[in-house]
Amino acid sequence: MSAVKQLSSKTNLKFNLMYCIQHLKRNVFHKFKVFKEPLLSKKVKDLLEKATKAETTHTFIRSFRV
């Protein structure tokens with residue numbers, strides 16, 4: 001988030017964090033081998049999917065609250 005803020009302020013570009021979250025999701029599922037517990041796997045997937053749809057920094061951060 002910090003890097004995006006810095007880049008946005010210096011370049012006036014807008015960034016879509018959905019792609020960052022999709023990358024993060026793939027990395028988490030790969031590193032932990034798609035978790036052994038299906039319910040935990042679904043919960044993590046749901047949290048990450050919710051974060052991809054956040055339209056503001058505030059809703060992005062709130063999307064990770066359980």
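## Surface and burial

In this predicted model, the protein chain exposes about 5600 Å². Carbon and sulfur atoms supply 61% of that area. Of the 66 residues in the chain, 18% count as buried.

Phe15 sits in the loop between helix H1 (2–11) and H2. This residue counts as partly exposed because its relative accessibility is 38%, and partly exposed covers values between the 20% limit for buried and the 50% limit for exposed.

## Fold and confidence

The secondary structure of the protein chain consists of four helices and zero strands. Along the sequence this gives the pattern α-α-α-α. Among contacts between residues at least 6 apart in sequence, 31% join residues at least 24 apart.

The mean pLDDT of the chain is 77, and 86% of its residues reach 70 or more. Confidence is lowest in helix H2 (residues 18–31), with a mean of 76. Helix H4 (residues 57–62) has the highest value, 83.

## Nonpolar core

The largest nonpolar core has six residues in all: Ile21, Phe29, Val44, Leu48, Ala51 and Phe60. H2 and helix H3 (38–52) each supply at least two residues of this core. Its largest share, three residues, comes from H3.

Leaving aside residues up to four places away in sequence, Ala51 touches Ile21, Phe60, Ser63 and Phe64.

How many salt bridges does a search of the whole structure find? The search finds one. In this salt bridge the side chains of Lys42 and Asp46 meet, at 2.9 Å from N to O.

Both Lys42 and Asp46 lie in helix H3. They are four residues apart, about one turn of the helix. Asp46 has a relative accessibility of 38%, so it counts as partly exposed.

## Loop residues

Asn12 is placed in the loop between H1 and H2. Its phi is near 60°, a positive value in a residue other than glycine. Most residues other than glycine have a negative phi. Asn12 counts as exposed because its relative accessibility is 68%, and the cut-off for exposed is over 50%.

Glu55 belongs to the loop between H3 and H4. With a relative accessible area of 77%, Glu55 is exposed. Between Glu55 and Asn16 there are 39 residues of separation in sequence, while their C-alpha atoms are 9.1 Å apart in space.

## A pair involving H2

The cut-off for exposed is over 50%.

Arg26 can also be placed relative to Lys45. The two are 19 residues apart along the chain, and their C-alpha atoms are separated by 9.9 Å.

Definitions and conventions: Residues are numbered from 1 along each chain as its sequence is written. This is a predicted model: local features need pLDDT of at least 70, side-chain atom pairs count only at pLDDT 80 or more; totals for chains, interfaces and linings use all residues. Side-chain values use heavy atoms; hydrogens and water are left out. pLDDT is the predictor's confidence in each residue, from 0 to 100. Buried means under 20% relative accessible area, exposed over 50%, partly exposed in between (1.4 Å probe, protein chains only). A nonpolar core is a set of buried Ala, Val, Leu, Ile, Met, Phe, Trp, Tyr and Cys residues joined through side-chain atoms within 4.5 Å. Contact means heavy atoms within 4.5 Å. Accessible areas come from the Shrake-Rupley method with a 1.4 Å probe; for residues, only the protein chains shown count as cover. A salt bridge is a side-chain nitrogen of Lys or Arg within 4 Å of a carboxyl oxygen of Asp or Glu.
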